[in-house]
Amino acid sequence: MKTIHTFAWFTIEACMVYVLYAGARGRTDRKVGLAAGVVAAETLVFAANGFHCPLTAVAKDLGDETGSVTDIYLPRWLARNLPGIHVPLILAAVLLHWRNYRAGSDTTV
């Protein structure tokens, strides 16, 4: 479970980094859309699950009494604070791409 959760986390983080990088570079393309879709899907699943990782129930079924999935291969403080870290990152990505969209649509006649 720990390995699966770490892999999922790494994949989502890689997508988040790419969306931020592309936004900072002024690029928006299909790859950005795909990466943003992964981040958005993860965010929606997390929110729909009461802002708890959906793997918590799986961890409980596998015998962890608390259902903790914060024991991924990360420092404990980072694993516990991922939701609080992600909110500003998602907002930054949205603002960067909104800025890029506005800059691309600002045409004078």
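## The whole chain

Start with everything shown: of the contacts in the protein (heavy atoms within 4.5 Å) with a separation of 6 or more, 60% are between residues 24 or more positions apart. This is a predicted model, where local features need pLDDT of at least 70, side-chain atom pairs count only at pLDDT 80 or more, and totals for chains, interfaces and linings use all residues. Residues are numbered from 1 along each chain as its sequence is written, and side-chain values use heavy atoms, with hydrogens and water left out.

Switch to cartoon and you'll find 5 helices and 0 strands (DSSP runs numbered from the N terminus: H or I of at least four residues for helices, E of at least two for strands).

## Helices α1 and α2

Now select residues 2-24 (α1) and 30-48 (α2): their axes, lines fitted to C-alpha atoms over the stretch in contact, come within 9 Å and cross at roughly 130°. Angles run from 0 to 180 degrees between N-to-C directions. Show side chains for the contact, including Ile-12, Met-16 and Val-19 of α1 and Val-32, Ala-35 and Val-39 of α2.

## His-86

Next, jump to His-86 in helix α5 (residues 82-105). Is His-86 buried or exposed? His-86 is buried, at a relative accessible area of 10% (buried means under 20%, exposed over 50%, partly exposed in between, with a 1.4 Å probe and protein chains only). Leaving aside residues up to four places away in sequence, His-86 touches Glu-13 and Met-16.
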